[in-house]
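Here are my notes on the model, as numbered points. Please read them with the structure open.

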Amino acid sequence: MRTLTRLSPSPDTTERQGSAGAPRAHESAIKHVTGRAAYIDDQPAPADTLHVALGLSPVAHGWLNRLDLEKVRSAPGVVDVITLADVPGHTDIGPVFPGDPIFASDEISYVGQCLFAVAAESHKAARLAVKEAVVEIDERPACLDPVAATEREEFVRPTHVQERGDWQRALADAPHRLEGEQFVGGQEHFYLEGQACLVVPSEDEGVMVYTSNQHPSETQKLVAEVLGIPFHAVTMEMRRMGGGFGGKETQASPWACIAAIIARRTGRAAKLRLPRAEDTRATGKRHPFHNRYRLGFDERGVLAGGEITVIGDCGYSPDLSDAVVDRAMFHADNAYSLGDARVTGHRARTNTASNTAFRGFGGPQGMMIIERAMDDIARHLGEDPLTIRKRNLYRAADDGGAARDVTHYGQRVEQLSLLHDIIDQLETSSDYWQRRREITAFNATSPIIKKGLALTPVKFGISFTVQHLNQAGALLLVYTDGSVMINHGGTEMGQGLHTKVCQVVARELGLDLERVRISATRTDKVPNTSPTAASSGADLNGQAARDAASKLRERLFDFAAEHFDRENGGLDREAMHLEDGHLVAGIGESEQRIPWGELIQAAYMGRVSLSEKGFYATPLIHYDRASGRGRPFYYFAHGAAVAEVEVDTLSGEYRLSRADILHDVGDSLNPAIDIGQVEGAFIQGMGWLTSEELKWNDAGRLVTDGPSTYKIPAFGDLPPTFNVELLQGHPNSQASIYRSKAVGEPPFMLGISVWSALRDALASLVDYRESPALDTPATPERVLMVAEALRRQYAEDATSPRRPDHAPA
């Protein structure tokens with residue numbers, strides 16, 4: 001039976017109202033499960049809507065010598081065909097740095113690069129017409145190896161270095177030194193709703209764009225620039241996505257730009273949605289990484305210092321790779337003090353689709369190398385990996401030792417005891433040490449089936465590392481019947497952001513949640529918004545909504561103090577508050593309660609504005625890229641997971657039999673949604689590290705382009721025992737929204753515990769004397785190859801003098 005540990009908050013007024021802090025259902029939950037939630041392809045389109053299909057490059061690298069589209073133009077049902085020459089404005093749609101042409105016209109950089117677009121009366125007609133194109137490409141060798149690209153200094157952006165202390169001396173003087181390297185695979189977003197948009201021409205030169213999109217304002221900008229029109233002529237609307245995970249932060253924009261060009265040229269609506277295989281080939285993934293470490297440590301396994309190098313496979317263009325590799329560098333320490341260290345990040349150019357944002361945004365890839373090092377140090381010293389992890393956690397000064405509380409990029413780590421508390425609690429609640437003894441005993445007598453156990457922590461920084469993105473706006477409207485509408489710049493992709501923002505407004509106005517509704521995200525309501533990414537959705541937009549609601553509340557208080565009870569000199573302004581749908585003034589016998597509806601009616605008749613805008617910008621954060629130092633994160637979110645696996649070492653097959661998670665979300669905005677986020681992130685992280693394998697053939701064509709060849713976790717991959725709990729009694733030390741913490745990305749990295757547990761199981765094949773290298777994804781094939789290599793090594797060592805027993809205690 002699958003078991004879940006869930007919160008049971010005590011029923012107070014806040015929870016009865018369903019406002020922030022209450023475990024309420026997702027605002028669209030019923031629509032989701034009944035099929036009534038409308039996505040882009042569900043929306044009614046104008047009767048004359050054109051359907052767009054794309055002509056994509058069949059080769060990974062070369063030069064386009066000929067593109068003959070005459071037969072395409074004359075194909076049945078075709079209305080328009082466009083190439084780069086038909087773009088009226090900007091032709092490069094790079095989101096941050098140039099390098100992303102809307103259509104290729106000379107150099108071909110990856111399989112799936114867009115060459116032209118066809119608009120026809122039906123989707124079928126457009127797709128058939130695409131096949132009529134005559135494309136001649138002078139094919140050249142493709143670079144698919146980021147390590148080789150790094151050696152040739154072929155980068156999409158310059159290398160960056162973060163350095164603290166004399167790492168070379170620390171490494172040279174350390175009693176022990178180890179080095180290792182690791183390949184960390186990428187990951188396909190595999191959102192259930194593919195890339196899709198509908199563009200309708202509007203008055204004058206404008207367009208209305210309906211899009212499945214995490215960053216409407218950026219797409220608004222790019223569409224306007226491509227069309228050569230002002231930003232205000234483009235309106236984006238986004239009600240919900242069927243999943244995003246970062247894959248619709250920048251890479252939803254090209255399709256909107258293409259559809260917008262066709263809509264303006266033809267005067268007809270244009271709809272573009274990518275079939276799964278084309279979507280998978282044409283869009284970027286999570287960055288694969290090649291990581292290396294050289295670290296020195298003492299007899300207890302405590303790091304003295306060293307160097308870590310991370311190489312991000314960025315694909316053919318910059319996209320968001322500068323920031324992704326930066327975040328990998330920021331998280332190369334995970335929860336551990338590196339001592340005196342240098343972290344170097346390379347951004348390699350390869351002939352694949354430009355890799356992009358994905359849940360964790362480089363942080364997971366950066367953490368993997370230090371988690372490998374923790375396991376390696378433990379085997380080297382004959383200790384349990386958890387013991388080594390605990391000794392290296394960031395900590396205050398103790399027993400006369402110096403504090404280890406500053407990262408390699410100069411940010412001081414706050415709430416130092418929190419990670420220690422999480423691990424201590426999880427050790428106890430999961431019976432870690434008792435299970436360790438039982439597993440060690442089991443493995444000693446089981447030659448084929450091996451069990452593994454691992455507890456790994458997470459320390460994840462919250463904020464956009466690009467400072468100006470840490471801002472948000474909101475628009476609050478109160479109607480004369482007392483109903484409330486909130487709009488903000490964040491986007492809903494199933495994560496519950498809209499639900500949390502409604503709860504914030506309900507709490508600020510003392511209303512039941514049912515009286516607050518949210519509208520689609522639109523650029524003509526809240527402008528210049530940041531992407532919904534970096535786990536910042538609730539932090540930024542919740543604060544903006546709170547700002548709007550609190551300003552409106554104070555205005556209503558000012559009005560009520562003068563308007564009501566004039567015979568007695570008015571109401572006591574200082575004692576007013578909103579509660580249970582009433583304005584409450586006075587205390588005890590003098591208390592007066594004015595219904596919310598009556599208050600709003602009176603305010604309207606008194607000509608008081610019933611709308612308000614809110615704004616929020618994250619304080620304190622800064623980062624000096626030249627020196628590689630600063631405070632890029634407002635705070636850190638923490639968590640830990642224990643994973644237990646069983647491995648068949650003759651086939652490489654395995655299963656996760658149990659997972660225990662304790663995660664820190666501060667004072668939760670919505671425990672029900674937060675637990676769901678933790679569960680989903682853990683399973684998605686496990687999939688990244690185990691089953692989700694991206695494979696390209698030698699010609700650079702992605703062969704894992706659909707569910708028959710690319711395996712995301714399914715329901716059957718859930719562990720039979722799955723204990724998930726939110727940490728209680730630790731509000732955020734920073735002034736976040738109601739002292740909560742972000743929950744979108746941090747629990748993704750809890751999946752590292754599954755990979756570490758697989759390594760633990762494999763290490764038992766050699767009596768825990770070695771730390772097996774296990775690249776990711778750790779598919780059964782990779783696990784089997786490692787098991788066979790360890791068996792051969794064990795056979796060779798069987799006649800050699802044995803080292804002391806290094807099995808974990």
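1. The second largest pocket has 38 lining residues, and those nearest its centre are Val96, Leu320, Val466, His468 and Leu469. A pocket here is an open set of points on a 1 Å grid over the protein atoms alone, where a 1.4 Å probe fits, with protein on both sides within 12 Å along at least five of seven lines; lining residues have an atom within 4 Å of a point. The space in this second largest pocket is about 850 Å³, where a volume is the space filled by probe spheres set on the points, and grid points are joined across faces, edges and corners. At least two lining residues come from each of helix H7 (216–227), helix H10 (321–330) and strand S25 (622–624). H10 gives the most, with 5 residues. Helices (H or I, at least four residues) and strands (E, at least two) are DSSP runs, numbered from the N terminus.

2. On provenance, this is a predicted model: local features need pLDDT of at least 70, side-chain atom pairs count only at pLDDT 80 or more, and totals for chains, interfaces and linings use all residues. Residues are numbered from 1 along each chain as its sequence is written, and side-chain values use heavy atoms, with hydrogens and water left out.

3. The mean pLDDT of the protein (the predictor's confidence in each residue, from 0 to 100) is 95, and 96% of the residues reach 70 or more. Residues 1–16 stay under 50, and the model has 39 contacts for them beyond four places in sequence; contact means heavy atoms within 4.5 Å. Residues 802–807 also have pLDDT below 50, with 17 contacts beyond near neighbours in sequence. Where pLDDT is low, predicted coordinates should not be read in detail.

4. Which residues does Val325 touch, leaving aside neighbours within four places in sequence? They are Phe289, Val310, Gly312, Gly345, His346 and Arg347. Val325 lies in helix H10 and is buried, at 0% relative accessibility. The cut-offs are under 20% relative accessible area for buried and over 50% for exposed, with partly exposed in between (1.4 Å probe, protein chains only).

5. Asn392 belongs to helix H12 (residues 385–392). Its relative accessible area is 0%, so Asn392 is buried. Beyond four places in sequence, Asn392 has contacts that include Gly301, Val302, Leu303, Tyr336, Met374 and Arg404.

6. There are 8 cavities of 30 Å³ or more, a cavity being a set of grid points where the probe fits but cannot get out. The largest cavity holds about 270 Å³ of space. It is lined by 23 residues, of which Asp100, Tyr110, Pro254, Ala282 and Tyr316 are closest to its centre. Helix H8 (residues 253–266) supplies the largest share of that lining, 4 residues.

7. Strand S17 (residues 471–478) pairs antiparallel with strand S24 (residues 611–617) over 7 bridges; two strands pair if DSSP finds at least two bridges between them. Gln471 has Ala617 as its bridge partner in S24. S17 is also antiparallel to strand S18 (residues 484–488), with 5 bridges, and Val478 stands opposite Val484. The hairpin of S17 and S18 has 5 residues between the strands, and Gly482 there takes a positive phi near 90 degrees.

8. A second hairpin is formed by S22 and S23, with 6 residues between them, and Gly586 in its turn has a positive phi of about 85 degrees. Strand S22 (residues 582–585) and strand S23 (residues 592–595) run antiparallel and are joined by 4 bridges. Ala585 is opposite Gln592 in S23.

9. In helix H17 (residues 596–605), the residues Trp596, Leu599, Ile600, Ala602 and Ala603 are buried. Seen down the helix axis, the buried residues of H17 fall within an arc of 165 degrees, so they line one face; the arc is that of the directions from the axis to the C-beta atoms. Just after H17, Arg607 has a positive phi of about 60 degrees.

10. An open sheet of 3 strands has the order S4-S2-S6 and antiparallel pairing. Strands S4 (107–108) and S6 (134–139) are at the edges with a single partner strand each, so one side of each has no neighbour in the sheet. Strand S2 (residues 62–68) pairs with S6 over 6 bridges, and Asp68 has Val134 as its bridge partner in S6.
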